[in-house]
Amino acid sequence: MASKATTSPDRSWMETPPLSPTIRHLNGELLAHMPWLDKISSPLRGLVHKVFGQPGQVSYKIKDILNGVWLGHAVHPVFVTIPLGSWSASTLLDIVWLADEDDGIARGADLTLWLGIAGAAASAVTGLSNWVDTDGAEQRMGMLHALLNTGILSLDVVSAILRLTGQRRTAITLASSAYALSLYSAYLGGELSYSSGIGVNHVAWEGGSDDFVAVMDEAALEPGKLTRVDVVGIPAVVVRDGKAIYAMAATCSHLAGPLDEGRLENGIVYCPWHNSGFRLCDGSVANSPAIYAQPTFAVRIRNGKIELRRLEHA
Ligand code: FES
């Protein structure tokens with residue numbers, strides 16, 4: 001028999017975690033009882049935003065690089081594979097070493113442990129750069145993910161040092177504990193991506209008409225004003241910049257913010273939520289946190305009407 005929904009509309013996901021499967025429910029309950037994570041998040045977010053500065057500044061370029069604007073893809077999940085793969089290998093090699101204490105196996109375990117530590121450091125900075133532009137439940141979960149990863153990295157660094165001093169069995173205990181924690185942390189990372197959509201393209205499924213569609217009177221379009229229109233179910237933003245008229249999807253590819261409520265500066269549309277910038281001319285990303293281009297539209301004027309037709313991505 002189908003269970004009746006008991007959630008209240010004025011309660012957030014954090015207060016009403018999913019009922020099943022059990023691991024998601026328990027994870028939601030855990031997060032619901034960790035409001036202190038928000039107290040850490042706020043000042044840390046403020047600090048990271050201060051360090052990166054504003055779009056156009058050199059420091060913000062570093063954020064763009066860490067987010068993956070240059071790659072057209074999130075960089076964090078690329079680096080994440082390094083510690084997870086390396087630490088899986090070092091855990092296996094540690095188990096083998098416990099059986100026969102072979103020096104070659106020990107060297108292999110140490111090398112893969114250090115490789116994982118290097119990859120984890122790269123994952124941390126790219127993850128921080130993603131996390132700083134999240135909100136609410138995702139920000140809290142991201143904070144727990146980050147704290148766990150910091151603990152895991154610390155345990156592995158201590159383990160690596162102990163190995164240098166000959167205390168291999170203690171080192172293996174620490175690294176094994178860290179590995180177990182890393183599996184839970186990886187689960188949190190997966191929840192953030194696959195369930196909450198952090199790092200995914202929020203306009204990946206937006207289609208659009210292959211034919212031109214009339215959306216508004218040309219005379220009604222004020223110069224420089226971001227104007228929301230509907231293109232057979234797809235929200236778009238139309239703007240007159242100089243003599244030209246441009247149009248792109250109104251839903252921000254970062255986290256679906258409304259671009260028509262943003263601002264236009266020097267041919268770039270800035271999202272009101274986290275300041276992603278998209279070039280009017282082709283929808284390409286001018287600055288992060290977005291890393292995916294906005295879908296754009298061909299524009300023509302017929303009988304005093306602005307007509308749009310969906311183009312392919314930049
Ligand atoms: S929703 Fe985050 S920048 Fe647009």
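Domain bounds, as used here, come from an automatic or database domain assignment. In this predicted model, that assignment divides the chain into domain 1, covering residues 13-195, and domain 2, covering residues 213-310. The centres of domain 1 and domain 2, taken over C-alpha atoms, are separated by 37 Å. Eleven residues from domain 1 and eight residues from domain 2 take part in the contact, and the side of domain 1 that touches domain 2 is made up of four nonpolar, four polar and three charged residues.

An open sheet of three strands has the order 1-10-9, and its pairing is antiparallel. Because strand 1 (213-217) and strand 9 (297-302) each have a single partner strand, they stand at the edges, and one side of each is left without a neighbour in the sheet. On average, and with direction ignored, neighbouring strands of this sheet are turned by 30 degrees against each other. Strand 1 pairs with strand 10 (residues 305-310) in the antiparallel sense over four bridges, and V213 has L308 in strand 10 as its bridge partner.

S288 and P289 are joined by a cis peptide bond with omega of about 15 degrees, and P289 is found in the loop between strand 8 (285-287) and strand 9. N266, in the loop between strand 5 (263-265) and strand 6 (268-270), has a positive phi near 50 degrees, and N266 counts as exposed because it has 10 C-beta neighbours inside 10 Å. N275, in the loop between strand 6 and strand 7 (277-279), has a positive phi near 75 degrees, but N275 is buried, with 20 other C-beta atoms within 10 Å.

How values were computed. Residues numbered from 1 in each chain as written. Predicted model: local features only at pLDDT ≥ 70, side-chain atom pairs only at ≥ 80, totals over all residues. Pairing = 2+ DSSP bridges. Helix = DSSP H or I, 4+ residues; strand = E, 2+ residues; numbered from the N terminus. Axes fitted to C-alpha atoms, helices over the stretch in contact; angles between N-to-C directions. Contact = placed C-beta atoms within 7 Å. Nonpolar A, V, L, I, M, F, W, Y, C, P; charged D, E, K, R; others polar. Buried ≥ 20, exposed ≤ 12 C-beta atoms within 10 Å, placed from the backbone.
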